[in-house]
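Let me put the model up on the screen, and then I'll walk you through a few parts of it.

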Amino acid sequence: QRKNIPVVLSREEVDRVFMYLEPPYDLVVHLLYGCGLRLFECMKLRVQDFNFSTGLLTVHNGKGKKDRSVPLPIVLFERMKDQIEQVAAEQIKDCESGYAGVFLEGRLGGKYQNAAKELPWQWFFPARTLTFVAEAGEHRRYHLHDSHVQKAIRKAAAKAVIPKRVTAHTFRHSYASHLLAANYDIRAIQQLLGHSNLQTTMIYTHTVPDTTNKVGKSPLDF
C-alpha cells in the first residue's frame with residue numbers, strides 16, 4: 001500500500017496554532033502533540049488514565065485494540081490537574097441532578113455497576129451537554145465530539161496563517177517527526193505511537209532532514 005509523506009508542522013507553527021485555541025480545545029491539541037495521540041484516543045481518555053506520580057498516560061483500546069503508555073508532558077501537569085478538578089465538580093452536579101453517569105464501553109457497565117458515576121471513569125474531556133437515551137429513559141454524558149475539535153483546529157490554523165493543511169492528525173505526525181529530529185530511537189518512537197509495524201514509523205524519516213554527508217545539501221548549495 002502506498003504511503004504518503006505526512007504533513008508536519010515546525011515547532012514554531014505548532015505554537016502559533018496553540019495561540020488561537022480556546023479551552024478546552026487548547027488542552028486537547030496540547031495532548032495530541034505532547035503525547036502523539038490519535039484524535040479518538042484523546043477523546044476517549046478518562047480521569048483514571050492520568051498517573052501524575054509516574055508521569056505516564058495510559059492509552060486504552062488504541063488502534064488495533066492495543067493499550068500503551070506514553071510520557072505526560074510535565075509542562076501540562078497543572079493544566080491537567082485543573083481539568084480533572086473541573087470534571088469532578090461537574091460530576092457532583094450531574095449526580096445531584098439524577099443523571100445516569102457517563103457512557104461505558106462494551107460490558108463495563110454490567111461488570112462495574114457504579115462505575116458510570118465514579119470519578120475515575122469520567123471522561124477527561126466531557127461533552128458540554130447530556131445525551132438522552134430514549135430506550136433507557138435516562139441522561140448520560142458523552143465525551144467531547146471529534147468534529148468540534150477539528151473545527152477549532154481549522155479556525156486556529158487559519159488565524160495563525162499556516163500554509164499547510166492542518167488536522168488533528170497533523171499534531172501526531174509532528175510529534176513523531178520532532179522526536180526523530182531530536183535523535184530518538186526509531187523503535188522507541190514506534191512504541192510511543194503504537195505502530196505494529198516499524199515500516200509504518202519509517203515514513204517519518206522523510207519528514208526530517210538527513211544530516212549525513214551523502215545527502216546533506218542540494219548541489220545548488222555547493
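From the N terminus on, the elements run α-α-α-β-β-β-α-α-β-β-α-α-α-α, and the chain has 9 helices and 5 strands. Here helices (H or I, at least four residues) and strands (E, at least two) are DSSP runs, numbered from the N terminus. This is a predicted model, where local features need pLDDT of at least 70 and side-chain atom pairs count only at pLDDT 80 or more, while totals for chains, interfaces and linings use all residues. Residues are numbered from 1 along each chain as its sequence is written, and side-chain values use heavy atoms, leaving out hydrogens and water.

Now the overall picture. The C-alpha trace spans about 70 × 35 × 35 Å along its principal axes. Of the 222 residues in the chain, 43% are buried; buried means under 20% relative accessible area, exposed over 50%, and partly exposed in between, with a 1.4 Å probe and protein chains only.

Let's go to the strands. E1 (residues 50-51) and E2 (residues 56-59) pair in the antiparallel sense over 2 bridges; for pairing, DSSP has to find at least two bridges between two strands. They form a hairpin with 4 residues between them, and Gly-55 in the turn has a positive phi of about 70 degrees. Phe-50 stands opposite Leu-57 in E2. On its E3 side, E2 pairs with residues 68-71, again antiparallel, over 4 bridges, and there Val-59 stands opposite Arg-68.

Next, a helix pair. H2 (residues 25-35) and H4 (residues 77-96) pack at about 130 degrees, with axes 11 Å apart. Axes are lines fitted to C-alpha atoms, for helices over the stretch in contact, and angles run from 0 to 180 degrees between N-to-C directions. Asp-26, Leu-27 and Leu-31 in H2 meet Arg-79, Met-80 and Gln-83 in H4, contact meaning heavy atoms within 4.5 Å.

Last stop, Lys-159. This residue is found in helix H6 (residues 146-159), and Lys-159 counts as exposed because its relative accessibility is 54%. Arg-140 is 19 residues from Lys-159 along the chain, and their C-alpha atoms are separated by 35 Å.

That's my tour, so over to you.
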